Amino acid sequence: MNIVNEMKLQFCAKSLNEGFARGAISAFLMHLDPTVSELAEIKTALSEAVTNAIIHGYKGEDGTVYIEARVTDKNKVILKIRDKGAGIENVEDAMEPLFTTGGSEQAGLGFTVMQSFMDKVSVRSQQGKGTVVTMEKSLVKRRKNEKP
């Protein structure tokens with residue numbers, strides 16, 4: 001599996017930049033001619049990871065969210081969302097549906113949403129050093145002139 005395209009992006013950990021991240025990943029993936037459903041799923045999973053970095057990683061403090069996106073020769077999309085924030089005390093617990101450290105205003109479904117829309121989700125975290133969420137999704141490869 002060879003990487004055929006990649007990009008790196010970083011932006012301030014502010015909620016207003018979540019839409020920017022969604023738009024950037026959409027533009028980056030357009031050359032793959034994804035279906036509307038594929039693109040919506042990737043954007044939603046990315047949005048959840050970015051929102052987690054902003055809300056839970058930095059907890060309202062200044063910080064930076066880093067995104068790396070790669071596309072392989074097999075039409076696989078690999079996304080890495082990283083922060084240098086608080087980290088996650090127990091990744092297993094955090095990945096359980098409805099688990100949240102964000103209080104009653106948070107649903108605790110971020111990782112569940114990511115897992116339901118992506119083929120693979122892995123999380124590495126270290127308290128006080130940050131979190132890296134890696135997600136993969138294989139897109140259906142269509143022949144030229146084939147309609148989605």
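The chain exposes about 8500 Å², and carbon and sulfur atoms supply 49% of that area. Accessible areas come from the Shrake-Rupley method with a 1.4 Å probe; for residues, only the protein chains shown count as cover. The model is predicted: local features need pLDDT of at least 70, side-chain atom pairs count only at pLDDT 80 or more, and totals for chains, interfaces and linings use all residues. Residues are numbered from 1 along each chain as its sequence is written, and side-chain values use heavy atoms, with hydrogens and water left out.

Of the 148 residues, 44% count as buried. Buried means under 20% relative accessible area, exposed over 50%, and partly exposed in between (1.4 Å probe, protein chains only). Take contacts (heavy atoms within 4.5 Å). Among those between residues at least 6 apart in sequence, 64% join residues at least 24 apart.

Now the elements. The chain has 4 helices and 5 strands, in the pattern β-α-α-β-β-α-α-β-β along the sequence. Helices (H or I, at least four residues) and strands (E, at least two) are DSSP runs, numbered from the N terminus.

The 5 strands form an open sheet, ordered S1-S2-S3-S5-S4, with antiparallel pairing. S1 and S4 (120–126) are the edge strands, each pairing on one side only. Neighbouring strands are turned by 10° against each other on average, direction ignored. Two strands pair if DSSP finds at least two bridges between them. S1 and S2 (residues 64–72) pair over 9 bridges. Ile3 has Thr72 in S2 as its bridge partner.

H4 (residues 110–117) lies across S4 and S5, at about 25° to S5. Axes are lines fitted to C-alpha atoms, for helices over the stretch in contact, and angles run from 0 to 180 degrees between N-to-C directions.

H1 comes next. Its 12 residues should span 16 Å at 1.5 Å a residue, and its end C-alpha atoms are 17 Å apart, which agrees. The expected span is 1.5 Å times one less than the number of residues. The buried residues of H1 are Glu18, Ala21, Ala24, Ile25, Ser26, Phe28 and Leu29. Their cover includes S1, H2, S2 and S3. An α-helix has 3.6 residues a turn, so residues three or four places apart point the same way.

Finally, Asn17 sits in the loop between S1 (3–12) and H1 (18–29). Asn17 is buried, at 15% relative accessible area. Not counting residues up to four places away in sequence, Asn17 touches Phe11 and Cys12.
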